[in-house]
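Please read the following note with the sequence and the model open beside it. The points are meant for someone meeting this structure for the first time.

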Amino acid sequence: MSATIPRQTSFESPLQRRLSEDQLEMLQNRSFSVRAASDRYAPGLLPEEPTSPLKRFARAKLDISKAFSHVRERLGDTRVFLEQVYGKTEVSPVSSLLERCTKIDDVLSRDHMKVAFFGRTSNGKSTVINALLHGKVLPAGIGHTTNCFCSVIGHDSPDGYLLKPGSEEKHSVKDAQQLLHSLHKDRLDESSLVKVYWPKERCALLNDGVEFMDSPGIDMNPNMDEWITKHCMDADVFVLVSNAESTLMTAEKSFFHHVGERVSKPNIFILNNRWDASAQEPEMMEEVRQQHLSTDLAFLTEELRVADEKIARDRVFFISAKEVLDMRLRERQNDPDPGRGLAEGYGQRRMEFERFEAKFKACVSDAAIRTKFEHHYRQGVDVVGKLKELVASEEEKIRENSKVLDSDLEYSTERQKRLELGKSSAYESCKEKIDGISTSVEKRVTVAMGDVVSQLPALFDTCGAEFRPEQVETFKGALFEHMDQCLEREIGRISTNLLAPLYLECQMEVQGTYQNLLALPQEEINKYTQLAGMPDLNYRLRCSDLCVDFKEDLDFHFSFGITSLMGYANRGAWLVSVRNSVANVLTMIPGDYLVPIAILATGMLVTKLFSWKILVPSFALYGGLYCYERFTFTDRTKKAQLKKQFVQHIKGKIQDQVRATTTSFSSILTSPLRGLTHHLQSVLASANEAENTKILKLREEKDRHLKLLNQAKNLQSAVRFVQTDLEDFHETYLQQES
């Protein structure tokens with residue numbers, strides 16, 4: 001059987017048939033007795049409930065406020081004492097405790113018993129609140145009416161007012177009907193909060209400190225976590241207003257599952273609103289009621305696990321908020337028949353609503369005292385406990401400090417003398433160590449660069465570019481780029497493997513020299529060392545710069561030709577003199593006759609010296625060698641010839657750069673070390689000056705501590721009395737609640 005109640009012709013329900021005649025008469029006359037009672041009060045005013053459980057909350061609020069006032073006074077005394085002991089910059093513990101008390105006072109001044117109403121769109125949340133307020137304060141009707149959160153708080157003035165989000169300007173409560181309506185042209189954001197201050201005299205619940213919070217439909221905005229965080233964390237009671245014409249929906253269950261995850265065991269009431277529709281199908285009313293009740297109880301006890309079945313049965317109600325609101329509005333106007341036009345059984349439904357109000361009052365009062373004031377009480381106990389510990393600790397510190405001041409003064413005096421003597425010796429020692437780096441750098445770099453030069457032929461062979469004599473410039477470009485990478489890699493190895501350890505070793509020696517003097521922890525010394533950092537040792541030798549004057553010669557040269565033989569003459573001193581003499585003679589012969597004369601002279605000389613039997617084979621061998629070399633002069637031979645010329649050229653250039661490279665590396669390494677030394681020297685001077693200042697302060701503290709001891713004793717005695725108010729509050733309110 002569906003839980004949906006169709007609208008049909010009304011007749012008596014089975015429950016009504018089971019009631020006695022006296023009970024039926026009581027229900028039928030309920031409206032008249034209520035109206036008769038309302039006639040005894042002025043129009044628009046409601047009688048106070050002297051025995052209302054909500055009064056207990058007001059008394060507890062007053063008592064806890066007084067207790068925290070006394071705690072704050074003691075904290076103020078302690079703060080003055082600590083300012084005398086340490087100065088204003090050292091009172092953060094008391095400042096934080098005072099801040100906690102100030103926040104608690106602020107919360108207490110604003111603390112209400114907060115009740116949050118949630119439900120799907122058009123389930124009647126605003127109507128329920130209006131019925132509790134005995135007036136049409138919030139917009140209610142068909143469709144998505146309430147477009148944002150609205151808090152209704154009691155106010156002492158006879159006229160209520162409204163505050164928009166982020167504004168202190170007061171507006172008429174009548175504006176709520178438009179401002180909170182979803183169809184308003186200036187519609188507010190769904191998570192914003194409008195505050196309505198309603199006269200307390202019109203609602204006993206508001207007079208006792210209850211705050212009602214209306215909400216948009218939970219099926220209109222999926223951002224449940226934001227709603228709970230902004231508006232629900234301090235709620236004492238949650239009221240789920242569901243539609244009695246349907247079962248609990250997924251949106252409603254999902255929202256309260258989120259509430260259960262963020263709030264520990266929340267107090268939840270479920271109002272099955274619009275129960276007046278059951279009067280149109282009375283034969284199904286009890287069955288549908290039990291179906292709703294079973295679903296609601298299962299939701300509270302099994303799904304949310306916020307109550308056992310006994311408590312949960314007092315948290316589920318079947319009401320018609322619109323009927324109650326209409327009746328109460330008519331009673332305020334002294335209507336003789338406030339129940340006219342309402343569906344059968346309206347008296348019973350009103351009794352159910354009033355039963356909800358009674359259970360709700362007891363629950364919200366107990367929950368508010370427990371959730372709000374118990375937390376404040378525990379915070380107060382924690383503050384007083386920390387205050388006692390703080391005062392006792394300070395008294396003990398003063399005693400201990402008095403004992404150790406003499407030894408501290410002696411130690412500081414000795415340290416100051418050591419710092420004064422160590423300033424010059426430390427600087428000279430570090431300067432000598434840094435100067436010694438230059439010699440080490442020169443030796444290491446010279447040896448390393450020699451290794452680089454010896455690797456040049458092998459580095460040439462690793463060039464992967466294709467050699468073509470007609471594109472020799474392209475090959476040279478690729479060769480220069482390849483050699484740049486190789487030189488950068490080799491110099492990087494020199495920096496990493498040879499120079500970086502040398503730098504780090506010297507840095508550690510400088511660091512250790514000053515660390516022994518300053519007696520600083522390793523972390524602080526490392527902080528100063530990081531200022532110098534690791535120098536950039538990426539020194540570069542660019543092959544294109546070294547070979548700017550390199551010109552290759554790839555022409556064929558016979559090994560036993562005149563040019564080659566003249567080249568061989570460079571290797572001996574006597575050959576050099578012969579070559580020079582021949583060169584002088586050749587300069588006297590015209591160029592056009594040089595070759596014929598040379599051939600003729602050579603032939604005559606050879607013919608004169610040797611016989612034809614020797615000459616013919618010799619010329620044959622000479623010619624054969626020439627032809628062999630000429631025909632084997634290939635691209636591979638040209639590449640080998642280029643390699644030989646290139647290696648010989650760049651080798652000399654690199655050897656010329658050794659001195660500049662050594663100087664550059666030496667400067668790179670020593671510059672940050674000298675800066676580190678100067679910085680640590682200034683730190684040492686500052687430490688020496690600070691030690692002198694410390695000695696003067698220690699002497700002043702020695703005289704001051706005796707005066708502080710007496711003040712600490714008096715304050716500790718005063719703190720013991722501030723616990724009395726909190727203990728009385730616990731015995732009066734919380735001990736019975738626990």
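**Notes on helices, sheet and cores**

1. In H10, the buried residues are Ala251, Glu252, Phe255, Phe256 and Val259, where buried means under 20% relative accessible area, exposed means over 50% and partly exposed lies in between, with a 1.4 Å probe and protein chains only. They fall on the same side of H10, because they cover an arc of only 120° around the axis, the arc being that of the directions from the helix axis to the C-beta atoms. An α-helix has 3.6 residues a turn, so residues three or four places apart point the same way. On the other side of H10, Thr250 and Glu261 are exposed.

2. A word on the basis of these notes: the model is predicted, so local features need pLDDT of at least 70 and side-chain atom pairs count only at pLDDT 80 or more, while totals for chains, interfaces and linings use all residues. Residues are numbered from 1 along each chain as its sequence is written, and side-chain values use heavy atoms, with hydrogens and water left out. Helices (H or I, at least four residues) and strands (E, at least two) are DSSP runs, numbered from the N terminus.

3. Nine strands make up an open sheet of mixed pairing, in the order E4-E3-E5-E2-E6-E1-E7-E8-E9; two strands pair if DSSP finds at least two bridges between them. Strand E4 (170–171) and strand E9 (316–318) stand at the edges with a single partner strand each, so one side of each is left without a neighbour in the sheet. E9 runs parallel to E8, to which three bridges join it, and Leu271 stands opposite Phe317 in E9.

4. What covers the two faces of E1? Met113, Val115 and Phe117 on one side and Lys114, Ala116 and Phe118 on the other are all buried. E1 runs parallel to E6, with four bridges between them, and parallel to E7, again with four bridges. The bridge partner of Met113 is Val210 in E6, whereas that of Ala116 is Phe238 in E7.

5. The largest nonpolar core has 78 residues, and Val115, Phe117 and Phe360 are among those with the most contacts inside it; such a core is a set of buried Ala, Val, Leu, Ile, Met, Phe, Trp, Tyr and Cys residues joined through side-chain atoms within 4.5 Å. Helix H14 (residues 346–454) gives the most to this core, with 15 residues. Leaving aside residues up to four places away in sequence, Phe360 touches Val115, Leu205, Val210, Phe212, Val237 and Phe269, contact meaning heavy atoms within 4.5 Å. A second, separate core of 51 residues includes Val441, Val472, Ile654 and Val658.

6. His134, in the loop between helix H6 (125–133) and strand E2 (149–155), has a positive phi of about 60° although it is not a glycine, and His134 is buried, with a relative accessible area of 14%. Arg274, in the loop between strand E8 (267–273) and helix H11 (282–303), has a phi near 65°, again positive in a residue other than glycine, but Arg274 is partly exposed, at 28%.

7. H11 lies across E7, E8 and E9 and runs at about 155° to E9, with axes fitted as lines to C-alpha atoms, for helices over the stretch in contact, and angles taken from 0 to 180 degrees between N-to-C directions. Buried residues of H11 include Met284, Val288, Leu293 and Leu297. H11 is followed by Arg305, whose phi is positive, near 55°.
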